[in-house]
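Student: I have a structure open and want to go through it with you. Where do we start?
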Amino acid sequence: QQKCTNCNYLTKLNFNNYKNKIQLSISNESISSISDALHYFSNTKIMEEYNCEKCKTVSTAKERTIFSILPEYLIIQLLRFNNDGSKNNKPINIDKILHFKNYSYNNLDIKYDLTSISCHLDFNHLSGHYISFVKNDNKWFIIDDDNVRVANNFNILTNNSYLLLYKKII
């Protein structure tokens with residue numbers, strides 16, 4: 001949603017832009033968790049050289065991202081790779097429950113439960129190894145190629161988590 005700073009015109013919400021994947025940047029120093037990255041993603045930003053459809057002037061606008069429709073399953077991709085192909089191994093705390101009250105249309109208190117995580121280990125965007133953590137009956141399992149075992153250590157997640165799958169709590 002965008003708001004012209006010249007005439008205060010607020011664009012209509014786009015209810016047709018349905019997505020179940022969000023790409024979250026983790027490059028900002030203040031981001032240390034999935035919740036922080038979601039807050040940064042949804043924060044109001046200033047747009048330069050905005051063409052207002054109402055007052056027909058070029059000025060600045062304030063832009064914010066809010067969710068009008070939230071899917072049953074939500075995929076979050078952490079942007080761990082830099083433009084040069086190097087990997088950002090910054091530790092990120094993984095929220096097991098995500099609250100969307102501050103980011104949803106009409107402040108609906110929608111919550112999501114973490115169900116699986118894919119991790120990219122080592123190297124760069126062209127090589128490495130993927131493993132997954134999957135929750136089943138409230139137990140976490142690690143899947144590494146053809147090896148499946150109970151996951152006792154989640155330290156690997158903070159530096160290597162790449163894709164997270166959340167299921168809406170009903």
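Tutor: With a definition: two strands pair if DSSP finds at least two bridges between them. Keep in mind that this is a predicted model.

Student: Fine. Which strands form a hairpin, and how many residues sit between them?
Tutor: β9 and β10 form the hairpin, with 2 residues between them. The two strands pair in the antiparallel sense over 4 bridges, β10 being residues 147-150.

Student: Which residue of β10 does I142 stand opposite?
Tutor: I142 stands opposite R149 in β10.

Student: What about phi in the turn?
Tutor: D145 in the turn has a positive phi of about 55°. Most residues other than glycine have a negative phi.

Student: Is D137 buried or exposed?
Tutor: D137 counts as exposed, at 70% relative accessibility.

Student: And what is phi for E49?
Tutor: E49 has a positive phi of about 50°, although it is not a glycine. E49 sits in strand β3 and, at 68% relative accessibility, counts as exposed.

Student: Which sheet does β3 belong to?
Tutor: β3 is in an open sheet of 3 strands, in the order β1-β4-β3, with antiparallel pairing. The edge strands are β1 (2-4) and β3, each of which pairs on one side only. From one strand to the next the twist averages 35°.

Student: How many bridges between β1 and β4?
Tutor: They pair over 3 bridges, in the antiparallel sense, with β4 covering residues 58-63. C4 stands opposite A61 in β4.

Student: New topic, the helix. Which residues of α1 are buried?
Tutor: In α1, residues 34-42, the buried ones are I34, A37, L38 and S42. Seen down the axis of α1, its buried residues fall within an arc of 130°, so they line one face of the helix.

Student: What covers them?
Tutor: The cover over the buried residues of α1 includes β2 (21-25), β3 (45-51), β5 (73-79), β6 (97-99) and β11 (161-168).

Student: What does I34 touch?
Tutor: Leaving out residues up to four places away in sequence, I34 touches L24, I76, L78, I92, N93, I94, D95, L98, L164 and Y166.

Student: How many residues are in the largest nonpolar core, and which touch the most other members?
Tutor: That core has 30 residues, and I34, I76, F100, L164 and Y166 touch the most other members. At least two residues of this core come from each of β2, α1, β5, β7 (111-121), β8 (129-136), β9 (139-144) and β11.

Student: Which element supplies the largest share?
Tutor: β7, with 5 residues of this core.

Student: Now charges. How many salt bridges are there?
Tutor: A search of the whole structure finds 2 salt bridges. Side chains of opposite charge can pair when their charged atoms come close.

Student: What does E72 pair with?
Tutor: The side chain of E72 meets that of K167 in a salt bridge, at 3.1 Å, N to O. E72 lies in the loop between β4 and β5 and K167 in strand β11, so the pair ties together parts that are 95 residues apart in sequence.

Student: How accessible are they?
Tutor: E72 is partly exposed, with a relative accessible area of 41%. K167 is partly exposed too, with a value of 27%.

Student: And what does K135 pair with?
Tutor: The side chains of K135 and D113 meet in a salt bridge at 2.7 Å, N to O. K135 is in strand β8 and D113 in strand β7, so the pair ties together parts that are 22 residues apart in sequence. K135 is partly exposed, with a relative accessible area of 22%, and D113 is partly exposed at 21%.

Student: Last one. Where is S104, and is it buried or exposed?
Tutor: S104 lies in the loop between β6 and β7. Buried means under 20% relative accessible area, and S104, at 5% relative accessibility, counts as buried.

Student: What does S104 touch?
Tutor: S104 touches F67 and L70, not counting residues up to four places away in sequence.

Notes:
Residues numbered from 1 in each chain as written. Predicted model: local features only at pLDDT ≥ 70, side-chain atom pairs only at ≥ 80, totals over all residues. Heavy atoms only, no water. Buried < 20%, exposed > 50% of the residue type's maximum accessible area, 1.4 Å probe, protein only. Arc of directions from axis to C-beta. Contact = heavy atoms within 4.5 Å. Core = buried A, V, L, I, M, F, W, Y, C linked by side-chain atoms within 4.5 Å. Axes fitted to C-alpha atoms, helices over the stretch in contact; angles between N-to-C directions. Salt bridge = Lys/Arg side-chain N within 4 Å of Asp/Glu carboxyl O.
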